[in-house]
Amino acid sequence: MALLWLRVALGCYGVGLLYALVSLTRTSDWLNRVALHAGYLGMVFHFVALMEGVVLSGQIAWASVHNAESVLAFLIMALFLIFFVAYKTTSPGIVVFPLVFLLTFVAATGQQPTLQLSEGVRTSWLFAHIALIFTGYAALILSFVASLLYLVQEYSLKAKRPEGVLSRLPALEVIDQLGYRSLLLGFPFMTLGLVAGIVVAKATFGRVELLDPKILLSVLMWSVYLVLLYTRWNVGWRGRRAAFLAAGVFAAAVVAWAANYFSTIHRFIQS
């Protein structure tokens with residue numbers, strides 16, 4: 001049943017994908033409203049699928065490849081809807097909806113209904129590590145989306161050719177604040193997630209292998225993240241420079257995520 005609920009959620013996210021495609025050429029207020037309600041409904045079914053998977057397996061099964069993609073998609077959608085309530089703009093949805101749909105599609109078509117994990121990963125610290133890190137990733141993705149929108153909006157305003165979805169983008173200051181607050185939200189989650197990961201590594205292997213690709217790249221990504229926040233707090237970087245740096249942090253995060261597939265001691269369990 002967990003897989004069924006996930007596929008129902010995928011159908012709801014498909015409505016959001018349709019909204020994103022239509023928004024590229026023209027505005028549609030009714031589709032905007034429908035996509036939002038479909039997003040809320042999709043989140044409900046998605047949450048049920050995740051929780052039912054845990055109940056059926058009797059353990060946390062989020063460390064597999066496809067379950068990881070499912071959890072990340074859920075968190076991205078959750079943060080998107082939270083920021084919609086705060087800023088009353090669905091413009092990030094033109095990137096968020098396709099991304100969430102793609103991640104959920106991969107999870108819904110590739111995972112097994114349940115996944116049994118070894119005793120070594122049944123710990124509350126592992127749960128905290130996964131939940132915190134994934135929330136940090138979701139916030140970072142939303143910040144990257146805001147950075148893209150900022151650059152597109154800036155170009156549109158300079159060219160004086162706002163068309164389609166560009167005509168409905170919020171002011172540059174609003175987009176900049178959305179991206180900045182996403183970073184502020186994600187950094188503590190990412191930091192605490194890394195700390196929890198260190199605890200898990202120490203308990204499982206008796207040491208932390210700093211030269212492991214996943215660990216090394218994660219520390220590098222966290223360092224770039226810290227530099228970005230520093231430049232905004234103390235140097236006063238805003239706008240274009242902050243957007244490009246946020247894109248750099250996102251690129252580092254993608255590389256760190258990809259390391260899960262070839263790390264020797266830290267890799268996704270294959271489902």
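Select Tyr19, Phe80 and Phe97 to start: together they form one aromatic cluster. Keep in mind throughout that this is a predicted model.

Stay with the aromatic rings. The count of aromatic pairs comes to nine. For one of them, pick Phe83 and Tyr87, which are stacked, with 6.0 Å centre to centre and 10° between the planes. Both residues sit in helix α3, four residues apart, or about one turn of the helix. Phe83 has 9% relative accessibility and counts as buried, because the limit for buried is under 20%.

Next, go to Phe101 and Phe105, another stacked pair, at 6.3 Å centre to centre and 15° between the planes. Helix α4 holds both, again four residues apart, about one turn of the helix. Phe101 is partly exposed at 22% relative accessible area, and Phe105 is partly exposed at 39%.

Now show Phe84 and Lys88. Lys88 lies over the face of Phe84, 6.0 Å from the ring centre.

Turn to the second largest pocket, with about 270 Å³ of space. Select Leu72, Leu99, Ile141, Phe250 and Val254, which lie nearest its centre among the 15 lining residues. Colour helices α3 (65-87), α4 (93-110), α5 (124-159) and α8 (239-258), the elements that each give two or more residues to this lining. The largest share, five residues, comes from α5. By class, the lining has 14 nonpolar residues, one charged and no polar.

Finish at Val48 in helix α2 (residues 29-57). Val48 is partly exposed, with a relative accessible area of 33%.

Terms used
Residues numbered from 1 in each chain as written. Predicted model: local features only at pLDDT ≥ 70, side-chain atom pairs only at ≥ 80, totals over all residues. Heavy atoms only, no water. Buried < 20%, exposed > 50% of the residue type's maximum accessible area, 1.4 Å probe, protein only. 1 Å grid on protein atoms, 1.4 Å probe; cavity = no way out; pocket = protein on both sides within 12 Å on 5 of 7 lines; lining within 4 Å. Points joined across faces, edges and corners; volume = space filled by probe spheres on them. Nonpolar A, V, L, I, M, F, W, Y, C, P; charged D, E, K, R; others polar. Phe/Tyr/Trp six-rings, centres within 6.5 Å; stacked < 30°, edge-to-face > 60°. Lys NZ or Arg CZ within 6 Å of the ring centre and 35° of its normal.
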